[in-house]
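Subject: Structure handover

Hello,

Here is the structure you asked for. Please open it first, then read my notes below.

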Amino acid sequence: MSPPPAHPPALPLIEGMLARRTTNGPFRPDPVSREHQHLLMRVAQAAPSHFNSQPWRFVLVENPQTIAEIARISGESMTELIEAGVFFERYRRYFRFSEAEMEERRDGIHIDHLPGPLRPFTRQVFSDAGLKLMRQLGVPKKLGEDNRKLVAGSPLLLAALLDKSEYRPGELSGFYSVFGLGAAMENIWNAVGALGMGIQFVSTPMEIPRQWRAIQTLLNVPGDLELMAVYRLGYLPAGEKRPSIDWSSRHRKRLSQFVARERWGEPEEE
Ligand SMILES: Cc1cc2nc3c(=O)[nH]c(=O)nc-3n(C[C@H](O)[C@H](O)[C@H](O)COP(=O)(O)O)c2cc1C
């Protein structure tokens, strides 16, 4: 028997996975070729699923009117969530405000890009006074409009759905199907990088049930399917253009922070 192949043939795949990231900025307006769209669907269905059930379903959306409407809903949801303080309240534990904090925790998102007038107040966004100031400065509207533009300017939206005969929350098959969809999405996420594309969740509508229902209606989601997530995709422009309020999240925990050897409590050494 020949020995297993040496590392080099696997390296591009692994390097690609290590370089995978979320795109916060705009895409090029060019349509995503049908060939690339189908390739993304192929890599999605190459994912593992319980008993090969392939519980995932996808809707590829290119119609500019549908994209504009989803963009409007997304931006409006963003404004509503920020305006009411819901977003920061719900997710404050993930926010980091300095490189030092990021370096120590090695998780969460670092708000490292803010317009000048807001910079002195970064840490106060979670206080009532901070929220009031943000409202006075029109931040919720600005964030909503930025988000609307980002989604509206994306040539392709992808809706990920699950077959409800598999997705039964509270039962193991509910967990299995979410796990399978996660694997399918990760394959897509890794593949977009290799195609010169980017991808980002369009998640604000999920936070507001009526807005999520509006998207379900737009996409004609039938009763036997559950709309799980919506993403925006497109080809990446040459230079990275960051939104006016932006974060970075490239840090990852050290081995000792998330891996144990033999039994929990024995942190793995680097
Ligand atoms: C379940 C899930 C939900 C996410 N929700 C959002 C989101 O709402 N908006 C967004 O821009 N990114 C979202 N992300 C992407 C994460 O923010 C991102 O993966 C993380 O910050 C690490 O950054 P990276 O993907 O660039 O490595 C989500 C990722 C997952 C797996």
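Start with strand β3, residues 109-113. β3 pairs with β7 in the antiparallel sense, over two bridges. Helices and strands here are DSSP runs, numbered from the N terminus: helices are H or I with at least four residues, strands are E with at least two. Two strands pair if DSSP finds at least two bridges between them. Across from His113 you will find Asp246, in β7.

Before going on, note that this is a predicted model: local features need pLDDT of at least 70, side-chain atom pairs count only at pLDDT 80 or more, and totals for chains, interfaces and linings use all residues. Residues are numbered from 1 along each chain as its sequence is written.

**The open sheet**

Three strands form an open sheet in the order β2-β3-β7, with mixed pairing. β2 (95-96) and β7 (246-248) are at the edges and have a single partner strand each, so one side of each lacks a neighbour in the sheet. Strands of a sheet pair through backbone hydrogen bonds, either parallel or antiparallel.

**Pairing with β6**

Strand β6 covers residues 225-235, and eight bridges link it to β4, residues 156-163. These two strands run antiparallel. Leu156 has Leu233 in β6 as its bridge partner. Strand β5 (residues 197-201) also runs antiparallel to β6, with five bridges. There, Gly198 is partnered by Gly234 of β6.

**Phe27**

Phe27 sits in the loop between α1 (11-19) and α2 (34-45). Is Phe27 buried or exposed? Phe27 is buried, because it has 22 C-beta neighbours inside 10 Å. The cut-offs, with C-beta atoms placed from the backbone, are 20 or more others within 10 Å for buried, 12 or fewer for exposed, and partly exposed in between. Beyond its neighbours within four places in sequence, Phe27 contacts several residues, including Gly153, Pro155, Gly198 and Gly234. Contact means that the C-beta atoms, placed from the backbone, lie within 7 Å. Phe27 and Ala238 are 211 residues apart in sequence, yet their C-alpha atoms are 9.8 Å apart in space.

**The UniProt record**

An unreviewed UniProt entry lists residues 19-235 as "domain: Nitroreductase". UniProt positions follow the numbering used here, feature names are shortened, and annotations may be inferred rather than shown by experiment. In the model, this span is 47% helix and 17% strand, and its end C-alpha atoms lie 16 Å apart.

Best wishes

How values were computed: Contact = placed C-beta atoms within 7 Å.
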